[in-house]
Amino acid sequence: MAALHFHNVTLGYDRHPAVHHLSGEVARGALVAVIGPNGAGKSTLLRGIVGILKPLDGSIHLGGLDSRDVAYLPQSAEIDRSFPISVFDFVGTGLWRGTGLFGGIGKAAREKILRAIASVGLNGFENRPIGTLSGGQMQRVLFARVVLQDASLIVLDEPFNAIDSKTTADLLALVKQWHGEGRTVLAALHDMEMVRNHFSQTLVLARGPVAWGPTAEVLTPENLLVAMRMCEAFDDSAAACAADDVSSRAA
Amino acid sequence: MLYDALIGPFTEFEFMRRALAAVIALSLAGAPIGVFLMLRRMSLVGDAMAHAILPGAAVGFLLSGLNLFAMTAGGLIAGFAVAILAGVVARSTGLKEDASLATFYLASLALGVTIVSIKGTNIDLLHVLFGNILAMDDQTLLVVAFNATVTLLVLAVIYRPLVIESVDPLFLRTVSRAGGPAHLAFLALVVINLVNGFQALGTLLAVGLMILPAGIARFWSRDLTAMICIAVVAAAASGYAGLVLSFQTRVPSGPAIILVATVIYIVSVLFGRVGGVVRQLFPGRHLEA
């Protein structure tokens, strides 16, 4: 059973591909790291998966999942930290799927929100405005919201950037807990050590897929070097892509 | 003595009672909209829209005189036309949305004043530009109250998506399609309330009863619900005090209301609990944790 199908997907901006001819699938319940140099198309791929970016070509299938079954944690969230909203209310927005426009937040929902806040170690922060949190605390809040979303596919874009080791360890434990609960998790990462130790599958991306499979086989110096070289800049005068030499493989 | 000054005008004169009812209705609906305009950093957009509705209202005036229905309909059409046109120009060219809005609203203001001048007198022009809350008839008052009621109902429906879209638009986009419609509904509410304030305060000051109370509220609370309540109270208080001031002196009612709001605003800037100047200058000794 696959949670995600890529059919010759090309994603990009203004017709310029940022992810080029990607095919393959992600098994349900897999824990996949997406790695590659800056500009390799990691974020673009994740945006494509959650449906914010429409593919230029090809298609992405969510294996029967509704877009609401997907939780997405963007790299640089466009969050207005000055908006007067408390940690409790902000995390509570994760219940949107259940409450929608009018659904009440009853006692059970309150309990759930408190438990999610506790699960990221922020007990006592419920009434703090989000503007008063540190970067690491804000990341914990965002993870708490993902917890509440109760999604079967979780997409994390460089979730441990600029986060200290204690917070990283706590949040990584949460990721592994999600994996244990049978959820599919995709994470764009830069820390090779973390990928090697904690993620079973890896996709090395450099606009096109360089390698995709079990981490131990994929994460080789050769592959990383290839990925490094393949990242070139947009060519403004590039011709329309005619090539259908789909250089990709299924995981 | 004090009774005569503060309550007397309202027990004695019907037009004062009508004006007070109108200003309270305007406060109830307009102030919450103003809070969201401020929090979404759209205060100046509100101002621009206020000018943009003028030609539409002026065409309504041209066709049927000082009739609020016609002027409201015209204002709504013009407001949406300008909002959409500015959006289209910004999107299809490199021009930023604020720059294209500025162009459109200056053009609208010029066009509106021209249209009013063609048919009306200078008195009419003054009326359109600065309103006359003391000249409300029953019908107008009902329209104002109706618009305020609609505003509060719609705001209740779009409240959640509006809040989430203000804090984290990307998140709302991934969980729901309500963001776009909520934003459009919100813009519609802005236009409706501007048109609503039009009769009382005129096109130039209508936005004042939305934005100033929001600015005041920001200095007294960090909580959204409290901000909205403070803004409504501040708007209603300015309205009441402005009416009294206008009755006792010869200051026109619209400017009087906005001037009172401005005084409250200045006091808030100086002495507000949240980020007020005095608080910042004398914050007290730092805490232990």
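How many residues does helix α5 of chain A have, and how far does α5(A) reach from its first C-alpha to its last? In this predicted model, α5(A) covers residues 135–149, which makes 15 residues. Its reach is 21 Å, close to the 21 Å expected at 1.5 Å a residue.

Let's stay with this helix for a moment. Of the 15 residues of α5(A), 11 are buried, so the helix is largely enclosed by the rest of the structure. If you follow the chain along, the buried residues are A:Q139, A:R140, A:V141, A:L142, A:F143, A:A144, A:R145, A:V146, A:V147, A:L148 and A:Q149. What do they pack against? Their neighbours in chain A are β5 and β6, together with the helices α2 (87–92), α3 (96–99), α4 (107–119) and α6.

Now look at the loop between α4 and α5 of chain A, where you will find A:L122. Is A:L122 buried or partly exposed? A residue counts as buried if 20 or more other C-beta atoms lie within 10 Å of its own; A:L122 has 19, so it is partly exposed. Leaving aside residues up to four places away in sequence, A:L122 touches A:V87, A:I117, A:Q137, A:R140, A:V141 and A:A144. A:V87 is 35 residues away from A:L122 in sequence, yet their C-alpha atoms are 9.3 Å apart in space.

Two of the strands that α5(A) packs against, β5 and β6, lead us to the sheet. This open sheet of chain A has six strands in the order β5-β6-β7-β3-β8-β9, and its pairing is mixed. At the edges stand β5 (70–73) and β9 (208–214), and because each has a single partner strand, one side of each is left without a neighbour in the sheet. From one strand to the next, the twist averages 15 degrees.

Within the sheet, β6 (residues 153–157) and β7 (residues 184–188) of chain A run parallel and are joined by five bridges. One of the residues to look for is A:D157, whose bridge partner in β7(A) is A:A188. Helix α6 (residues 165–180) of chain A packs on the sheet, where it touches β3 (31–35), β6 and β7. The direction of α6 makes about 145 degrees with that of β7(A).

Finally, step back to see both chains. Their contact takes 19 residues from chain A and 20 residues from chain B. On the chain B side, the elements giving two or more residues are α9 (138–167), α10 (169–175) and α13 (224–248). By class, that side has 12 nonpolar, three polar and five charged residues.

Methods: Residues numbered from 1 in each chain as written. Chains lettered and ligands numbered in written order. Predicted model: local features only at pLDDT ≥ 70, side-chain atom pairs only at ≥ 80, totals over all residues. Contact = placed C-beta atoms within 7 Å. Helix = DSSP H or I, 4+ residues; strand = E, 2+ residues; numbered from the N terminus. Nonpolar A, V, L, I, M, F, W, Y, C, P; charged D, E, K, R; others polar. Pairing = 2+ DSSP bridges. Axes fitted to C-alpha atoms, helices over the stretch in contact; angles between N-to-C directions. Expected span 1.5 Å × (residues − 1). Buried ≥ 20, exposed ≤ 12 C-beta atoms within 10 Å, placed from the backbone.
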